[in-house]
Structures are given as C-alpha cells and as structure tokens.
Amino acid sequence: MDDRPPPSDDLFGSTGLSPAAAPGDVVSVLLPFAVAEPYSYRVPHGMTVAPGDIVEVPLATRNVVGVVWDDGPGLDRSSNRLRLIATRFDVPPLPTASRKFVDWVAAYTLTTRGMVLRMVMRAPGALEPETARPGFRLAGPPPERITPARQRVLDLAADGLAWSKSGLAGAAGVSTGVVDGLVASGTLVPVDIPPAPVAVAPDPAFAVAALNPAQAEGAAALRAVAGEGFSVTLIDGVTGSGKTEVYFEAVAEILSRGGQVLILLPEIALTAAFLDRFALRFGQRPAEWHSDVPPRIRERIWRGVADGSVRAVVGARSSLFLPFPDLRLIVVDEEHDIAYKQDDGVTYNARDMAVVRGQIGKFPVVLSSATPSIESRVNADQGRYRRIVLPDRFAGALLPKIAAVDLRIDQPERGRWLAPQLVSAVAETIADRGQALLFLNRRGYAPLTLCRTCGHRFQCPNCATWLVEHRFRGQLVCHHCGHAERRPDACPQCGNEDTLVACGPGVERLAEEVHARFPDARTTVLSSDMLGGVQRMRRELKAIADGEADIIIGTQLVAKGHNFPLLRLVGVVDADLGLAHGDLRAAERTFQLLSQVTGRAGRVGGASRALLQTSAPDHPVIEAIVAGDREAFYAREIEERRIAQLPPFARLVALIVTGPDRASARAHATALRAAAPFSETISVFGPAEAPLAVIRGQHRYRMLLHAPRSADVQAYVRQWLGAAPPPRGSVRVQVDVDPQSFM
Ligand code: ADP
Ligand code: ZN
C-alpha cells in the first residue's frame with residue numbers, strides 16, 4: 001500500500017477560506033450524499049463559520065446537515081441568489097485530519113466525497129445537545145409530618161446528591177407519590193442530573209503485564225515509535241504469543257501522553273471478550289463502536305470522541321470515520337481479515353485506510369496478525385513497515401500437532417462426513433474432558449437440494465445461486481439476498497413426494513452426525529446466522545470458554561481470535577473448500593483460515609492437536625500447515641505473486657457493471673470497454689459475466705484492470721469513466737480498487 005501517492009496537500013487543494021468566514025461571505029458546504037463537490041452558501045448575519053463546522057443548510061425544499069469544507073467557494077461566489085446557512089450546530093468542528101481523510105478516501109476509492117462524509121455523519125442525534133434528566137436533591141425545610149416512608153426517603157436523600165424520582169422511590173421502597181409529597185413541601189428541590197459519561201478514561205497504569213523477553217522487546221519498540229510521527233509496525237506472532245499484550249503497551253503509552261487511541265477488530269462477536277480484557281489491563285472498558293451499538297449510545301460516543309472525552313475506542317472498520325480530534329494510535333488487530341474490506345457503497349479496506357489515517361494524522365499504526373496478509377508481509381520484508389516477531393506461544397504453551405487425514409484412504413461412511421480417524425480423535429478428546437472443535441465453513445444443513453426423480457434443483461428467484469437448506473428453521477435460504485422459502489414436501493417440478501435430497505454437508509448436518517455418534521456429549525453449533533443474533537453468539541462463546549460444551553461445531557466465526565482454554569482438538573472437515581475457488585487469494589485465505597482455526601487449540605498449555613480432512617494432502621498450503629512451516633508458505637506465495645505480477649507487485653481495479661437484465665448490463669459493459677483509454681502499461685481484461693452472474697435481480701459483468709505499482713490507476717479510471725457513455729436507465733458501474741472478491 002505504501003508507494004501509493006502520499007496524502008500530500010495538493011490532493012486537497014489549498015484552503016480558499018480565511019479561518020473564519022463572517023456574515024455575507026460565501027463558503028462551501030459538503031453534503032453527505034452522492035455529490036463530489038461542496039455547494040456554496042452564504043453566511044447569515046450574526047454567524048461566523050470555519051472549515052469543519054457542522055451546519056444545517058437549505059437544499060431544495062428541506063434542510064440538510066453538512067460540513068463547511070476547505071474548498072474555496074465555487075464560481076457562483078457573486079451570486080445574489082445564494083441561500084443562507086440555516087444553523088451552526090454547537091458541537092466541536094470536524095477536525096482537519098478527518099476532512100483530509102474524507103477527501104483522500106474518496107479520491108482513492110473513486111467515490112464521491114459526499115458518500116464518504118456520510119460515513120462520518122452516522123450519528124445524527126449527536127448534533128443535538130444532550131438533555132439533562134430531571135432529578136431532586138434534599139435542600140428545603142423538613143416536612144411538617146414525618147411518616148416511616150418519608151423518613152426512608154429523607155435518609156437516602158441525606159447524601160445531598162441528585163436522585164431521579166423513580167430511583168429514589170425505588171431505593172426507599174416507597175411509591176413515587178411519597179417523593180411527590182416531599183417535593184410539594186419544598187423539602188426536595190428539582191435539579192438537573194447531567195448525563196453520565198459514556199466512557200470513563202482508561203488508566204494506563206492499572207495492571208501492567210509482566211512481559212516475557214520477546215514481548216518486552218516488541219513493547220519497547222512500540223513505545224519508542226509512539227511519539228515519533230507516522231510509522232507502520234507489523235506484529236507478526238503465532239496464535240497465543242501475546243500480540244495483544246504487546247500492543248496494549250503502545251496503547252498505554254499513548255493514553256499516558258493524553259492522546260486518543262483506536263483499536264480495530266474485524267468481528268463484532270469478538271469485541272465483548274475483548275472489552276473485558278481491555279478492562280483488566282486498563283481498569284475501564286473502552287467505548288465500543290459498531291452497527292450493533294444502540295443509536296442513543298452511538299450518538300453519545302460520537303460526541304464523546306468529538307469533544308475528546310472518549311479516549312479509547314474499540315470498533316469495526318466504520319470507527320475509522322469517527323471525528324477524533326487527537327488520535328495518536330490505530331491498532332488493526334487480525335489485519336489480514338477480509339472483514340476489513342467493505343464491498344458495498346464505498347468499497348474500502350479499513351486496514352489500508354488506517355495506514356492512510358496515520359499518515360494524515362502523523363501517528364503510528366500497528367498491524368497485528370498470526371497470519372499477516374501478503375501485502376503487509378511484503379511491506380515488512382521491503383522495509384516499509386517495521387516488523388516485530390513473536391515466534392512462540394506465551395508461557396511455554398505449544399502449538400497443536402497438525403496432521404492431514406487423507407480422505408482418499410480414510411473415507412467417511414456413506415452419507416457421513418467425519419473420517420474414522422477424526423471420529424476416534426473426538427472420542428478420545430472428550431473422554432479426557434477436553435473440548436473438540438469441528439470446523440466447516442458452510443452454514444445451514446446442505447448447500448444444495450435436488451429432486452431424486454426429476455433432477456430439479458432449488459434456485460434463488462433473485463440470484464444465480466442454489467438455495468441452502470436450513471433445517472433448524474425448516475427453510476431454503478439464499479445466502480446472497482436473504483430470500484427464504486419453506487422447504488416443500490413435494491418436488492415443485494414433478495410433484496413427487498419425499499424425493500428431495502440434500503447434497504453435501506453444512507454445519508447443521510454435521511451436528512446431526514455428531515449427535516448420532518456422541519449422543520451424550522454437549523454439542524454447540526456456532527454460525528453467524530444463528531437465531532438470537534450477536535447477543536446469543538456472545539453468550540455461546542463465553543459458555544464455550546467456560547467449559548459448558550464438549551463438541552463445538554462452527555463456521556469461520558469460530559476461527560477468529562477467540563480464546564477457548566479447554567480446546568484440545570480441532571478437526572477441519574473440509575480443508576480443500578477454500579482452495580477450490582482458484583482466485584488469486586485462494587491459497588492465502590486458506591492458509592490464514594486453517595492456521596487461525598487450528599491455532600484455537602492448546603492456547604493456554606497442554607498437548608493439543610489438529611486434523612485436516614483433505615483429498616489433496618500434497619497441496620503446498622496443506623503441506624505448509626501440517627509442517628508448521630509458515631515461512632515456506634510466505635516465501636512460495638510471495639514468489640508466485642511476483643512472477644505472475646499480481647498484488648502487491650501490481651495493482652488491480654475491478655469494474656462491475658450491473659443492470660436489470662443481461663442484455664443491458666452486457667451492452668454497457670461492452671461500450672465501457674471500448675472507451676478504455678490506450679495505455680502502454682495498463683491492461684483491461686473482460687468484460688466477462690461475473691461468476692455470481694445475478695444478485696438480487698441485477699445481472700453482473702466484470703472487467704479487471706491490471707497496472708504496474710507505479711501507475712496512477714485512479715487517474716486512469718477517472719479518465720476512462722469520463723470518456724465512456726453514461727449508463728442508461730438503472731444500469732450502474734461499481735468501481736472496486738484493490739478488489740478482494742472476484743465474484
Ligand atoms: P495473541 O493475540 O498473540 O493470540 P494473546 O495476547 O491473546 O495472544 O495471549 C494469549 C494468552 O496468553 C492470553 O490468555 C493472554 O492473557 C496470555 N498472555 C500472553 N502474554 C501474557 C503475559 N505477558 N502475561 C500474562 N498473560 C499473558
Ligand atoms: Zn438470492
């Protein structure tokens with residue numbers, strides 16, 4: 001990512017504004033819609049505004065919220081018809097670094113600045129002042145008549161603090177009428193209760209960990225860069241080596257210097273345990289930011305971040321867009337995770353954008369992973385990133401012993417999915433009171449349902465995909481658009497009853513086999529589509545950590561970062577699944593997933609093992625995992641990418657054309673292709689129908705642009721799209737810079 005154009009000042013244009021614009025002046029206001037350029041407005045009497053101020057302005061027939069931007073006002077400066085800014089909100093301005101970041105992300109991802117600003121303005125309620133709650137305090141004369149109930153209230157209120165009416169009545173065990181009586185007598189007087197802080201400042205000295213020598217060296221290196229402006233450090237350490245403990249020292253350093261810190265996590269389900277761990281180290285939980293946080297709390301966090309009272313945030317990729325005035329460290333945990341790539345709307349990779357944010361804010365960025373992305377590993381090898389290596393697990397814990405189960409020799413019985421060797425390993429493990437994890441990256445019961453008589457297959461009406469049977473729910477479900485239908489008893493094509501068969505396994509089907517084989521074991525199925533959502537998932541993860549399950553069956557959700565102290569065996573049911581994809585990152589993804597999931601075992605000591613069921617035990621990825629030779633994998637994969645001139649040794653941009661029917665999508669894709677500017681170094685492949693040819697009724701064609709690292713692909717694509725005929729009707733072109741998915 002690093003030899004991309006640095007976020008230099010000319011990218012943003014020079015500031016056309018004096019620091020504050022006075023009444024009558026014209027300023028530009030960026031609005032959070034799909035607009036690239038800010039609109040011009042005039043400052044009304046009695047108001048001054050400066051870049052970053054959050055304002056409300058009229059647009060057509062309504063008022064909308066926007067931000068005073070740094071661009072000089074447009075050509076219509078002299079116009080008398082310019083409309084006036086309606087309101088300036090009484091909140092801290094959007095910091096300069098945040099505004100530069102919006103501009104940079106938009107330019108890099110080839111989206112409009114307005115759409116990026118929209119990601120900043122995700123908590124509209126945060127702009128309104130926080131209202132105090134009404135309360136009461138003991139201040140007036142004692143009442144004329146004292147009852148036991150009144151006395152209890154007075155005893156409590158004797159602390160002189162503000163109480164809410166229901167809080168006081170509840171604590172005293174009386175009706176609110178008793179409190180009303182004391183208010184009427186003037187004994188209790190009304191006061192405002194200010195809102196409690198949304199997050200208390202963490203204490204960097206709360207519980208300092210005793211680090212082992214490798215950890216201490218890493219921590220010292222991070223503390224050294226903490227005050228030194230922009231840098232990127234990759235913590236590359238095996239699962240359970242204590243990467244978190246090490247980067248906590250960088251967090252502590254920044255907190256003690258008074259800066260704000262942001263820790264990015266790829267998965268919401270991970271954050272609950274992480275917040276507790278943070279609290280053990282720093283005495284307080286950090287603020288939590290992701291789509292599952294209730295709106296009222298999000299508003300308060302947004303405001304707390306903006307006014308600097310929130311010092312530490314742990315969140316999903318979207319927390320990069322919070323309005324930090326004094327951010328001085330970003331940690332990207334599990335930096336290799338594809339959950340950091342947002343694939344709809346503004347397509348950005350939060351890991352890469354975190355690096356950019358650090359460059360703009362001139363502070364260090366820390367990337368952490370047991371299985372670094374090839375990109376980050378190459379950046380470290382070439383000296384652009386520092387690298388901290390933690391080669392061993394903490395406190396002498398050993399990595400699991402890994403072996404392949406050759407499915408061509410050790411075959412499961414018909415209609416079953418576990419080979420005899422894996423079955424006996426599970427039996428031994430649970431007999432020994434250890435936990436076993438069976439990993440299969442397929443949700444539902446079976447990936448395909450067909451009719452034995454006529455061959456009918458159940459397909460999604462909106463997508464070019466098969467419906468996945470979810471037997472617990474009794475439904476056939478599309479994993480791309482969410483379409484769900486009841487599983488019928490008869491085949492809809494030939495009408496025969498009881499002829500539908502499930503093909504292949506999903507986690508639910510695996511659970512059926514496990515129940516049959518181990519009827520007395522306590523079995524848990526973990527899958528991201530679990531009923532009960534995130535809350536339930538978090539409870540289940542905690543229950544597993546507490547030893548309340550013997551056998552865990554899970555999708556990739558269980559592979560990520562969790563700490564299951566009792567886990568002794570990991571069985572990978574289909575280690576070949578990811579390799580079948582055959583796209584540029586198939587080997588890397590498979591290596592990462594298998595390392596991560598096997599790395600769940602034996603984290604806190606004791607012997608542990610992992611078995612990989614595979615039909616290709618001599619595939620280089622499987623061989624590297626079994627041999628525990630990660631360096632062999634990286635060396636080979638990096639060399640292959642270099643020879644094939646694939647990222648990070650070249651740049652890719654995908655253009656995806658979608659349309660309501662195949663003909664219109666293809667016609668526009670063809671016209672677009674014809675408009676591609678000639679270039680000596682940049683090649684364009686396609687258009688070709690996408691592997692996922694239809695999603696949600698939209699037909700899809702893909703083109704792929706390949707360029708040397710030094711190329712300015714954004715300029716090329718901008719020129720290209722400018723030269724192409726505009727898409728007609730509801731045909732759309734989506735640009736995906738650095739694509740992760742080729743579907
Ligand atoms: P990683 O992030 O590398 O997978 P963790 O930071 O989660 O590793 O550490 C693995 C386990 O070892 C955790 O339970 C953690 O609390 C423990 N651990 C690691 N380093 C230390 C340390 N220096 N002192 C105490 N416990 C540690
Ligand atoms: Zn669908």
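How many cavities of 30 Å³ or more does the count give? The count comes to 6, where a cavity is a set of points on a 1 Å grid over the protein atoms alone at which a 1.4 Å probe fits but cannot get out. This is a predicted model, in which local features need pLDDT of at least 70, side-chain atom pairs count only at pLDDT 80 or more, and totals for chains, interfaces and linings use all residues. Residues are numbered from 1 along each chain as its sequence is written, ligands are numbered from 1 in the order in which they are written, and side-chain values use heavy atoms, without hydrogens and water.

Select next His336, Asn349, Arg351, Arg589 and Gln740, which are the closest to the centre of the second largest cavity among its 14 lining residues (lining: an atom within 4 Å of a point). This cavity holds about 70 Å³ of space, a volume being the space filled by probe spheres set on the points. Its lining comprises 8 charged, 4 polar and 2 nonpolar residues, with Asp, Glu, Lys and Arg counted as charged.

Then move to ligand 1. Of the 15 residues around ligand 1 (a heavy atom within 4 Å), the nearest are Ala210, Gln215, Gly240, Lys243 and Arg277.

- Ala210: a backbone N or O atom lies 2.9 Å from a nitrogen atom of ligand 1.
- Arg603: a polar side-chain atom lies 3.1 Å from an oxygen atom of ligand 1.
- Asn563: a polar side-chain atom lies 3.2 Å from an oxygen atom of ligand 1.

Definitions and conventions. On a 1 Å grid over the protein atoms alone, a cavity is a set of points where a 1.4 Å probe fits but cannot get out, and a pocket is an open set with protein on both sides within 12 Å along at least five of seven lines; lining residues have an atom within 4 Å of a point. A polar contact is a pair of N or O atoms within 3.5 Å; within protein, one must be able to donate a hydrogen and the other to accept it, and residues adjacent in sequence count only if both atoms are side-chain atoms.
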